[in-house]
Amino acid sequence: MDKPSHLSVIVDLSPTQWAFCAQSTAPPGLPLQTFLSQLLAFLNAHIACKDENTLAVFGAFPGQSVMLYSSTGEAMTSTTEATDPNTYRPFKTLDSTVMSSIAERFNSYDVTEEEEPIGLVGCLTKALCYINRTISVVSASAQGTEGATRSIDPRILVLSVSPDQSSTYIPIMNSIFSAQKLKVTIDVCKVFGADNVFLQQAAHLTGGAYVQIERTDALLQYMMMSFLPPPAIRQLISVPTQDRVDFRAACFCHKRIVEIGFVCSVCLSIFCQPVPVCSTCRTKFPIKTLQRLNASRPLATTPSTPGTPRPLTQKNGAALPRPG
Amino acid sequence: MPPAGRRIGDDFVDDSDSDVSITGLDEEPSRSKAKGKGKAIDRKKKDQGKGKAKDQAYAWEATYTRSWDTVQEDEAGRLEGAVQDLIARGRRRRLLAPAAAIRRTIIRHLVLVLDLSSAMMDRDMRPTRFDLMLQYAREFVTEWFDQNPLGQIGIVGMRGGLGERIGEMSGNPQDVLKAILERHKLLPNGEPSLQNAVEMARSSMSHLPTHSSREIVVIFGSLTTCDPGNIHDTLDECVKDRIRISIVALAAEMKVCRELCDKTGGQFGVAMNEGHFKDLLFELIPPPAQRAVARTGGGPAADLMIMGFPMRLPDTSPPSLCVCHSQMKSEGFLCPRCLAKVCDVPTDCDICGLMIVSSPHLARSYHHLFPVKPYSAVMTLDDTPEPSKRCHGCAVAFKEMPSTMLGASGEGMSFYGRYRCSECHNDFCTDCDVFVHDVVHCCPGCGK
């Protein structure tokens, strides 16, 4: 607990998905306004935990990734508001900066255009770049002092509402491996929508928690209980882990998510059906193999379409008190 | 391989085939001594090692290690120039790398041959050649599995005139590391036998499918080899089996070693000092680019493989028997075709024979196939109407004024500290440039 920790929060701000989320009734939905106020409470809690704690907030907008706030002052908008004697100043700066940057983006957003896929990958890589710089700065300055090699404990929290984008499979996997190298934990909170296979893998591979919200009205409680404690403490309190991790991959030809794939031996490209020529490395495959694979294909299950729900076992939510 | 030009450095001669220069013997003793080594440096590596070779002395020449000599202060007494030099060197190396070498063998099988002859107790590399070799071999194995997760490594030792199987071919890094963990079991003695070791490595790879690569990496410290038969017959067999042999020699170049590498398409290098030894060894880690038509004709046949991506069961699931060990276990992976439970991946399903891999294993290799394009250094801001104030990656503020302080080799470096992606035209700082290309392999601007 002595160590300060760094938290990078990536907020998925896809207007369409949030509209769906607000209108949803089957699981009771959550309007964006309520979500943001709960998020700000959580962020304030993080910087209140310890004075040296640092925070960066990234927004994934359609086709864009923006740094909304950072405690080292990179994304500060010029706020000349009157100081309020009744609020703690850092809270106030944080809240107003995040809210004004989000409002600014949404105002410039053109409703008539078709929505681009959200810039989750951009956010992940930016967060990693930012953490990489913070680590190198800290380790350089800490060398002289009492041998504190890693004085910050970086992690990333992704608040996701959008479904998987198969086209981002490779960049997301690359980000996951670099997070592993930097020893960054990636936590995922799925606020709305079906399970996100890639983010599940991200949380599993980096030792983070993947939490699917069951009751959206208790979002703040979920976040406080699962994501506020830094990874060092999580070993002591049992944070909900994933029950099943899906290791399916996206095929290169149709970007479908497949269980059984056909893999090129030269470049390991994945295809959902036998192809005569590899589209990535232009390798021609022998005809015999194609015939053999095609003959055996009816035995194999056909590649399932994305989003096919799998039977899920009971959530392992032991540490999470039932909201109510 | 087309004959490349030999390197011409400060202390290298390029035009003589004999090992002894008659005229140069008296006046230039240091020059003729360096000659045997100079030829030994792998020709392919001449671009990369150029700056390095000049700064570093041979291990036997350096009486003292004077690490402070390599860092030079500038007029103002700061080290910035030296640091800039190092960064610039890394940048240039990346720019020189071929951009479109996309065909690489990913499923690799490698036998690491360690020299355990008495020549390895030589102390010209500190602490001894043997200890250094063990240390680097462990690092090599770890890094190799990181980059080639579907590969397998076996270990063979050369000791007492025999080839000795130290570690079986295995895809598990822990197994391989365990084999070379215990120093006292590997203590050097006797003569090495190159032929015996290569034959043993060859026989352990004879059963492999055609689409996987077969490689032998030899770390060779001795200047002699004690063989039972004609080593050229072994060489011919290796060429026929399409085995690549790469050798890192610690003493000097031997003709038979050079020939083994050249004929099989491997790399050969003689380590000048500790750092160079590590460089030579670690150059063998990235998957080799596959030549479109291998000289031996045909090249390794490509094939389409069917693979299953399993689902991982949590630790808390109800225990059941696994098909591989018949043990009651909670955790495990479900084969997607027959739903049998196996303990670990990658493996072949014991029930239906499907190759089960987890997709992260495959994904680890993809950055070799889709590298990030190198960023170009921004030399002037005149042609950009509104230059961004902050780095697109880490949001650090750019310098307003161009810096005048650059190292001696400032080429390829931006005066503004800005590097621009050719796809999305965003500017990045030096740190992010290095980080994006070496670690993330994905541009934050365009996501490619």
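Mentor: Chain B has 13 helices and 17 strands, where helices (H or I, at least four residues) and strands (E, at least two) are DSSP runs numbered from the N terminus. This is a predicted model, where local features need pLDDT of at least 70, side-chain atom pairs count only at pLDDT 80 or more, and totals for chains, interfaces and linings use all residues. Residues are numbered from 1 along each chain as written, chains are lettered from A and ligands numbered from 1 in the order written, and side-chain values use heavy atoms, leaving out hydrogens and water.

Trainee: How many residues does the contact take from chain B and chain A?
Mentor: 56 from chain B and 62 from chain A, with contact meaning heavy atoms within 4.5 Å.

Trainee: And what area is buried between them?
Mentor: About 5,000 Å², with carbon and sulfur atoms giving 66%. That's the accessible area (1.4 Å probe) that two parts lose on being put together, summed over both.

Trainee: Which element gives the largest share of chain B's side?
Mentor: α13(B), with six residues.

Trainee: How do strands pair across the two chains?
Mentor: Strand β10 (residues 260–264) of chain A and β7(B) pair in the antiparallel sense over five bridges; pairing takes at least two DSSP bridges between the strands. Ile260(A) stands opposite Gly308(B) in β7(B).

Trainee: New topic: what share of chain B counts as buried?
Mentor: 48% of its 448 residues, buried being under 20% relative accessible area (1.4 Å probe, protein chains only).

How values were computed
Buried < 20%, exposed > 50% of the residue type's maximum accessible area, 1.4 Å probe, protein only.
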